[in-house]
Amino acid sequence: MTRAIADIGIYGLGTMGSALALNLAENGFQVAVTNREVEWIGKFVEQAGPLATTISPQITLETFVASLKAPRTILFMIPSGAPMDAMIEAVMPFLDDGDTIIDGGNADFNDTRRRFDRLNGTGAHFVGMGVSGGEKGARNGPSMMVGGSVHSWTQLKPMAEAIAAKFEGEPCVAHLGPDGAGHFVKTVHNGIEYADMQMISELYGLLRDGGGWNAPRIGKLFESWQDGPLSSYLIEVSAAALQTIDPDTRLPMVDVILDQAGQKGTGRWTVIEALKMGQSANAIEAAVGARGWSSEKGMRNAAESALGAGALHADMPSEDDLEQALIAARIIAHAQGFRLLDAASQEFDWSLDMARISEIWRAGCIIRSALLDDLATAFRTDLPHGHLILSPKIAATLTQTMPALRRVVVAGVSLGTALPALSAALAWYDSMRRGRGTTNLIQAQRDFFGAHGFARTDKDGKFNAQWPDLTSERS
Ligand code: 6PG
């Protein structure tokens, strides 16, 4: 007979599952663990060292569930997609009313909504929880974005708050809404992560290809930005990566890494969901697209021979301009992400709390930065109409830094160095700050060839114009 002594069960002892289990154990919780490949379980217990005393290894799913205190909390850290569906069906027969199962992977929030509905009415609860911070974050303090029922949150909260990253003592975890809310927020977090990584890489490219700087010199410049408003985990990582030397070749490590970026899907999902909701997070789109282009290595090599990537000559922007440009573009990428969260909140009736989201992104997660503290203050204090770029403080920073972004984009264009995400951010800003855009001509074109109708500036209603008949004029 298995004794029900564990506070939480973790199924899946890969990198993230193991790290979370150790974090929970270190915080005094009794953790039951199991894994599909049973040989991993013993290895994990060995690796746990003195923490093994609060870990209860289980070989079968049945004893794993039986070893948990009721109402049970089971965290699945397994690949998203079909494996999660299979595990839900496998574990359901062992669950009782009030038990909660949590998917802590990077799941598509549409799947999370479907799984939430699957469990609805069974007595058991389903939670989609985004966990950010990689292996180190999971071990020492991740940022966690929790969806699902209030019942599940009440169960999970003490454990989640204990293991979460802390920002000035505040745990970076929150219950953000029902069903897919947690996974949606994590997806958008990753979309912003993609844009930020891309923008930093674009500045690296400009300095390398336009300015002839070597990697360590660029790394040093990025490192100096850590003392200012750009202070962030991704700048820190980039600065350190650029200054790392490959032991085999003694060349900068980045110079021996193939320029083909991988992606697991969250950036793409951000863009897909944005488009589905009639939004465009174009800085994020540019970042996802650039990873796609990067994988076309053969085509790019052929095009370089055929079309030439020869140097164009233009002045390089100043170091100060590069820093200011990234401040501006980073704000825009975040503004686009939060705009998308707002659209989803309305569409799915989630009542997402943007201030809370910015707060739990201030530590533990990959996009943690000094900016997020400013955004949290903006959302808490002075935000008219919920749009970040209308916050007086954010607007003042944009007014100050945008000229630098403009100069950097001009330099990239003149030097023939692609800056897709930085120029997307600039295009969005220039579109948004102009009350009268150019889609009046799009409406005219639509009405011209398809009688789609248009609204007028001077009277209410839907109108069609008498456009000239081009066929009869030509004949
Ligand atoms: C995080 C990260 C993480 C993500 C990796 C890789 O918040 O800890 O977002 O969840 O899996 O960054 O993502 P890609 O393979 O799509 O770049």
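## Backbone geometry in the loops

Asp-349 sits in the loop that runs between α14 (319-348) and α15 (354-360), and in this predicted model its phi is near 60°, a positive value in a residue other than glycine. With a relative accessibility of 65%, Asp-349 counts as exposed, because the threshold for that class is over 50%.

A positive phi, of about 25°, is also found at Asp-179, which is not a glycine either. Asp-179 belongs to the loop between β10 (173-175) and α8, and its relative accessible area of 12% makes Asp-179 buried, since buried means under 20%. A further backbone feature is the cis peptide bond that joins Ala-70 and Pro-71, with omega at about -10°; Pro-71 lies in the loop between α3 (61-66) and β4 (73-76).

## Two positions in helix α17

Thr-401 is placed in helix α17, which spans residues 392-415, and Thr-401 is buried, its relative accessible area being 1%. Its side chain reaches the backbone oxygen of Thr-397 at 2.8 Å, and, when residues up to four places away in sequence are not counted, Thr-401 touches Gln-324, Ile-327 and Ala-328.

Pro-403 is found in helix α17 as well, but at 36% relative accessibility Pro-403 counts as partly exposed. Although Pro-403 and Asp-321 are 82 residues apart in sequence, their C-alpha atoms are 8.5 Å apart in space.

## The ligand site

The ligand is surrounded by 13 residues, of which the closest are Ser-132, Lys-186, Glu-193, Tyr-194 and Arg-291. By class, this shell divides into 2 nonpolar, 7 polar and 4 charged residues, and helix α8 (residues 181-210) supplies the largest share of the shell, namely 5 residues. Because domain 1 (8-179) and domain 2 (187-432) both give residues to the shell, the ligand lies between them.

How values were computed. Residues are numbered from 1 along each chain as its sequence is written. This is a predicted model: local features need pLDDT of at least 70, side-chain atom pairs count only at pLDDT 80 or more; totals for chains, interfaces and linings use all residues. Side-chain values use heavy atoms; hydrogens and water are left out. A residue is near a molecule or strand if one of its heavy atoms lies within 4 Å of it. Helices (H or I, at least four residues) and strands (E, at least two) are DSSP runs, numbered from the N terminus. Ala, Val, Leu, Ile, Met, Phe, Trp, Tyr, Cys and Pro count as nonpolar, Asp, Glu, Lys and Arg as charged, and the others, Gly among them, as polar. Domain bounds come from an automatic or database domain assignment. Buried means under 20% relative accessible area, exposed over 50%, partly exposed in between (1.4 Å probe, protein chains only). A polar contact is a pair of N or O atoms within 3.5 Å; within protein, one must be able to donate a hydrogen and the other to accept it, and residues adjacent in sequence count only if both atoms are side-chain atoms. Contact means heavy atoms within 4.5 Å.
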